[in-house]
Amino acid sequence: MSMALFDTHAHYDSHKFDSDRDEVLSALPGFGVELVVNPGCDLESSRKAVELAGRYPFVYAAVGVHPEDCGDWKDEDVEELRSLAAEPRVVAIGEIGLDYYWPENPPRELQKRVFRSQLVLARELDLPVIVHDREAHGDSMDIVREFPGVRGVFHCFSGSAEMAKELVKLGWMISFTGVLTYKNARKAVEAAQAIPLERIMIETDSPYMAPVPCRGKRNHSGYVGYICERLAEIKGISSDQCSRMTRQNGVDFFRIQE
């Protein structure tokens with residue numbers, strides 16, 4: 001398999017990699033993985049993401065506060081994100097957004113406020129955003145429309161084909177995970193069919209949601225090839241062509257200077 005792959009979303013700052021982080025990361029080029037973006041979920045993990053990007057030439061960072069982690073948000077947190085975003089290997093603001101799935105998540109109004117604050121920052125810094133949207137499609141779309149100057153990606157896309165088409169119309173990208181390989185993944189497959197390949201990126205969302213045939217294992221970027229193969233199948237192209245195009249999409253989107 002001679003694929004040149006870009007895993008556009010993986011959390012190597014996660015404690016699930018504490019025992020073998022360096023081993024896992026050092027092995028990735030052997031899987032054809034040429035680039036990885038590691039988004040933060042709070043200030044601490046954003047700092048870790050920046051530090052990892054400094055250690056590995058193929059790792060880039062995004063900095064942001066995830067909706068599940070925004071419970072203790074203070075308005076001055078934006079200032080720390082702004083200074084982290086000035087680091088040379090930070091390519092986006094993320095992971096930000098809305099998550100209405102867990103009842104114990106921070107209140108919805110707070111999530112929206114934190115989401116908007118970070119979109120304002122992205123607009124100021126002219127950086128793309130990585131959006132997490134879980135069971136919050138309507139509100140996520142409404143808020144994104146308030147910021148026509150900001151471009152971004154809905155990562156781990158779980159919306160409908162109609163929503164994917166609308167995002168593409170707004171100039172946004174869609175990113176698919178290992179869910180694309182699952183038997184019951186009808187919605188993700190329909191969304192992937194509905195939009196042009198130029199607007200699609202692929203990601204593992206490691207350590208979560210490993211693709212078939214590795215489902216149930218701890219995920220890592222080495223498995224992104226399985227997602228690429230499935231997307232190639234859906235689009236009726238070769239895996240090699242799919243890996244080249246999704247890699248280029250990621251490079252253009254994150255404005256990575258190679």
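Let's start with a pair of charged side chains: Arg82 and Glu124 form a salt bridge, with their closest N and O atoms 2.4 Å apart (the term covers a side-chain nitrogen of Lys or Arg within 4 Å of a carboxyl oxygen of Asp or Glu). This pair links distant parts of the chain, since Arg82 sits in helix H3 and Glu124 in helix H4 (residues 108–125), 42 residues apart. Keep in mind that this is a predicted model, where local features need pLDDT of at least 70 and side-chain atom pairs count only at pLDDT 80 or more, while totals for chains, interfaces and linings use all residues. Residues are numbered from 1 along each chain as its sequence is written, and side-chain values use heavy atoms, with hydrogens and water left out.

**Salt bridges**

- Across the whole structure, a search turns up 21 salt bridges.
- Back to Arg82 for a moment: its relative accessibility is 24%, so Arg82 counts as partly exposed (buried is under 20% relative accessible area, exposed is over 50%, and partly exposed is in between, using a 1.4 Å probe and protein chains only).
- Arg247 pairs with Glu34, and here the closest N and O atoms are 2.7 Å apart.
- Arg247 belongs to helix H9 (residues 239–254) and Glu34 to strand E2 (residues 33–39), so this bridge ties together parts that are 213 residues apart in sequence. Helices (H or I, at least four residues) and strands (E, at least two) are DSSP runs, numbered from the N terminus.
- Arg247 counts as buried at 13% relative accessibility, whereas Glu34 is partly exposed at 38%.
- Lys112 and Glu109 also meet in a salt bridge, at 3.2 Å from N to O.
- Those two are 3 residues apart in helix H4, which means about one helical turn separates Lys112 from Glu109.
- Lys112 counts as buried at 16% relative accessibility, while Glu109 counts as exposed at 57%.
- Asp22, Glu51 and Arg55 are joined in a network of salt bridges.

**Two helices side by side**

- Helix H2 (residues 43–55) and helix H3 (residues 77–85) have axes that come within 11 Å and cross at roughly 5°. The axes are lines fitted to C-alpha atoms, for helices over the stretch in contact, and angles run from 0 to 180 degrees between N-to-C directions.
- That makes H2 roughly parallel to H3 (angles under 35 degrees count as roughly parallel, over 145 as roughly antiparallel, 65 to 115 as roughly perpendicular and the rest as oblique).
- On the H2 side, the contact (heavy atoms within 4.5 Å) is made by Leu43, Ser46, Arg47 and Val50, and on the H3 side by Asp77, Glu80, Leu81 and Leu84.

**Nonpolar cores**

- The largest nonpolar core has 74 residues, and the ones touching the most other members are Tyr12, Ile93, Val129, Phe154, Phe157, Phe176 and Leu180. Such a core is a set of buried Ala, Val, Leu, Ile, Met, Phe, Trp, Tyr and Cys residues joined through side-chain atoms within 4.5 Å.
- Setting aside neighbours within four places in sequence, Tyr12 has contacts that include Phe17, Leu25, Val36, Leu52 and His220.
- A second, separate core has 15 residues, among them Leu35, Val37, Tyr60 and Ile256.

**A look at Ser140**

- Ser140 lies in helix H5 (residues 137–145) and counts as buried, at 0% relative accessibility.
- Leaving aside neighbours within four places in sequence, Ser140 is in contact with Leu98, Phe115, Asp133 and Phe154.
- Ser140 and Val36 are 104 residues apart in sequence and 25 Å apart in space, C-alpha to C-alpha.
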